[in-house]
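Please keep the structure in view as you read.

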Amino acid sequence: MFKLNKVHLFILLVTIAAIGCKKNESDDNFPRDVDIYMRYLLEGNQFNGLAKVSYADTIAIGEPDTATYFFTINGKDMKQVISPGGIKNYSVKANLPFSDHYEVKIKGPDHSITTKSTKIIPIDSFQLPRAISKSTALNIEYFGSPLNANESIIAMLVASDGKTASATLNGPASSKSINIKADKLSALISGLADIYLIRTYSDEDVTGKLHFFIKNEFYSRTKQVELTD
């Protein structure tokens with residue numbers, strides 16, 4: 001009769017234990033990275049949200065989690081979109097009145113619910129000359145709260161042929177002035193151009209087994225200016 005020696009018996013017991021303890025997608029306890037991007041366009045009160053979940057502390061680190069999650073932002077359900085490769089992303093689009101507070105709720109495969117609060121910081125308004133000479137720098141004054149360390153404001157000027165010139169003010173900053181240099185303006189075609197500001201806010205936080213990476217953007221209304229030689 002075939003008998004197991006001590007070494008073979010030990011290997012067999014370890015293998016059985018490993019199979020018995022193997023976790024599946026719905027009950028594993030590995031940390032996850034949760035990336036969330038939110039954008040609010042004041043023009044048309046357009047809100048967009050995107051999210052994805054990926055492994056953070058396994059042999060598959062950085063790979064998308066293929067388990068199913070349920071996301072809501074301020075009570076709005078995010079739609080699950082599955083790519084041809086099986087990667088799951090979540091999105092929501094809506095026309096909503098502006099709110100500076102947003103609550104993200106995530107229901108995981110184990111039916112637990114995690115809540116994360118975040119914000120989108122508005123730009124009250126901005127002012128600049130009606131006519132802008134391309135030979136001089138453009139100074140833009142914005143109105144709103146000063147920038148903190150995890151915030152920035154981007155000024156984006158779009159000429160009639162689609163070419164752009166931009167400048168960024170990074171926080172922390174007490175200044176509320178953004179300057180687009182003359183060498184950037186001189187490369188643009190003369191005539192009517194559109195300009196708008198984007199205020200960004202980033203956040204990072206760990207809640208339970210979820211490590212959140214959040215980036216939010218607020219887009220001001222667009223103004224039209226005249227670029228002159």
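We begin with some strands and then turn to aromatic rings.

This is a predicted model, in which local features need pLDDT of at least 70 and side-chain atom pairs count only at pLDDT 80 or more, while totals for chains, interfaces and linings use all residues. Residues are numbered from 1 along each chain as its sequence is written, and side-chain values use heavy atoms, with hydrogens and water left out.

Find strand E2, residues 46-55; strands (E, at least two residues) are DSSP runs numbered from the N terminus. Seven of the ten residues in E2 are buried, meaning under 20% relative accessible area (1.4 Å probe, protein chains only). Two strands pair if DSSP finds at least two bridges between them. Strand E1 (residues 32-41) pairs with E2 in the antiparallel sense over ten bridges, and Arg-39 stands opposite Asn-48 in E2. E1 and E2 form a hairpin with four residues between them. E2 is also joined to strand E6 (residues 88-95), again antiparallel, by six bridges; there, Leu-50 has Ser-91 as its bridge partner.

Now for the rings. Rings of Phe, Tyr and Trp (its six-membered ring) pair if their centres lie within 6.5 Å; planes under 30 degrees apart count as stacked, over 60 as edge-to-face and the rest as tilted. This rule gives six aromatic pairs. Why is the pair of Phe-71 and Tyr-90 called tilted? Their planes are at 40 degrees, with the centres 4.8 Å apart, so the pair is tilted. Phe-71 sits in strand E3 (residues 70-73) and Tyr-90 in strand E6, 19 residues apart. Phe-71 is buried, at 1% relative accessible area, and Tyr-90 is buried, at 2%.

Technical notes:
Buried < 20%, exposed > 50% of the residue type's maximum accessible area, 1.4 Å probe, protein only.
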